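Dear colleague,

Please find below the structure that I am handing over to you. My notes on what was found in it follow directly after.

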Amino acid sequence: SRYFTFCSGMGFDAEVIRAVEGLRGAGFRATPARYVTTMLRHYFMTDRRNPPMTLRGPGIPEADGVFLAIICNTTPWTYIGDQPVSPTPWASFETGLDLLGLRRLGVAAILRTAPQIVGEPDRLPSGGHLTQLHDEAEFTLTASRPVAFQLDGDYLGEREQVTYRSIPAALQVLL
C-alpha cells in the first residue's frame, strides 16, 4: 500500500532506525556516529539465535531463517561518511528489486560481510550466510513474530508480513 524510492528493510536495520528515531525525539541529532553507536549497542541486545523471517516468491527458492533483509531499488543503500554502502551493488531503477538477507548475525558473519559491501563493490557479496535476489518483480517476507520495518529510512512499525513488488516506470525524473 506504500511506494518506496530507494530502500526498505525488515529486522535489524529497521530496529536501529527505530532506536535512532527515538533518540531524535529526545533531542539528539542523527549523526553517522549516532547510527554506528546505536547499531553496536543494539547488536548486543538483539536475539541473534532465532531468525524470525522467511523469504518466498514466485520462482524463488524459499529461504528460512533470515534475521535482516535489505531491499533496494538502487544503489548505494546508504553512506558511512563519504563511503557508499552497497549490499545490492547491481540494484538499479531500470531493474526489479534486489535483496540481501543475512541468515546469521554472529560477529564472524558480520565481519565477513561488512568489507564486501562498503566502498564501490563490483560484485555481489558472497557467503553461505547470505540470501540474495536480483531484478525480482515480487517477493514476500513473513515473520514468526512482529519485526521492525522501514521504508526509505522511515520507521513504520512492526510487521509480520510484507510483500514487495517492483512497479516499473512508477517514478518520472524530469531534468
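Please keep in mind that this is a predicted model.

I begin with F6, which is partly exposed, its relative accessible area being 45%. How many aromatic pairs are there in the model? The count comes to five. One of them joins F6 and F93 in a tilted arrangement, with 6.1 Å from centre to centre and 55° between the planes. F6 belongs to the segment before strand 1 (7-11), while F93 is in the loop between strand 6 (83-85) and strand 7 (97-102), so this pair ties together parts that lie 87 residues apart in sequence. F93 is partly exposed as well, with a relative accessible area of 43%. Elsewhere, F4, F139 and Y164 make up one aromatic cluster. A ring also takes part in another kind of contact: the charged end of R48 sits over the ring of Y43, at 4.4 Å from its centre.

The salt bridges come next. A search of the whole structure finds three. In one of them, the side chains of R18 and E158 meet at 2.9 Å, N to O. Because R18 lies in helix 1 (residues 12-25) and E158 in strand 10 (residues 154-165), this contact ties together parts that are 140 residues apart in sequence. R18 counts as partly exposed at 28% relative accessibility, and E158 does so at 43%. R165 forms a salt bridge with E138, and their closest N and O atoms are 3.2 Å apart. Here strand 10, which holds R165, is tied to strand 9 (residues 138-151), which holds E138; the two parts are 27 residues apart in sequence. A further salt bridge brings together the side chains of R56 and E62 at 2.9 Å, N to O.

C7 is in no disulfide, and the nearest cysteine sulfur, that of C72, is 5.8 Å away. This distance is too far for a bond, because a disulfide requires the two sulfur atoms to be within 2.5 Å. Both cysteines are buried: C7 has a relative accessible area of 8%, and C72 has one of 0%.

Finally, V36, M39 and L40 form a nonpolar patch on the surface, and together they have about 230 Å² of accessible area. L40 lies in helix 2 (residues 32-43) and is partly exposed, with a relative accessible area of 45%.

Yours sincerely

Key
Residues numbered from 1 in each chain as written. Predicted model: local features only at pLDDT ≥ 70, side-chain atom pairs only at ≥ 80, totals over all residues. Heavy atoms only, no water. Patch = residues over 30% accessible without salt bridge, like charges linked within 9 Å, V, L, I, M, F, W, Y side chains within 5 Å. Areas by Shrake-Rupley, 256 points an atom, 1.4 Å probe, with all protein chains shown as cover. Salt bridge = Lys/Arg side-chain N within 4 Å of Asp/Glu carboxyl O. Helix = DSSP H or I, 4+ residues; strand = E, 2+ residues; numbered from the N terminus. Buried < 20%, exposed > 50% of the residue type's maximum accessible area, 1.4 Å probe, protein only. Phe/Tyr/Trp six-rings, centres within 6.5 Å; stacked < 30°, edge-to-face > 60°. Lys NZ or Arg CZ within 6 Å of the ring centre and 35° of its normal.
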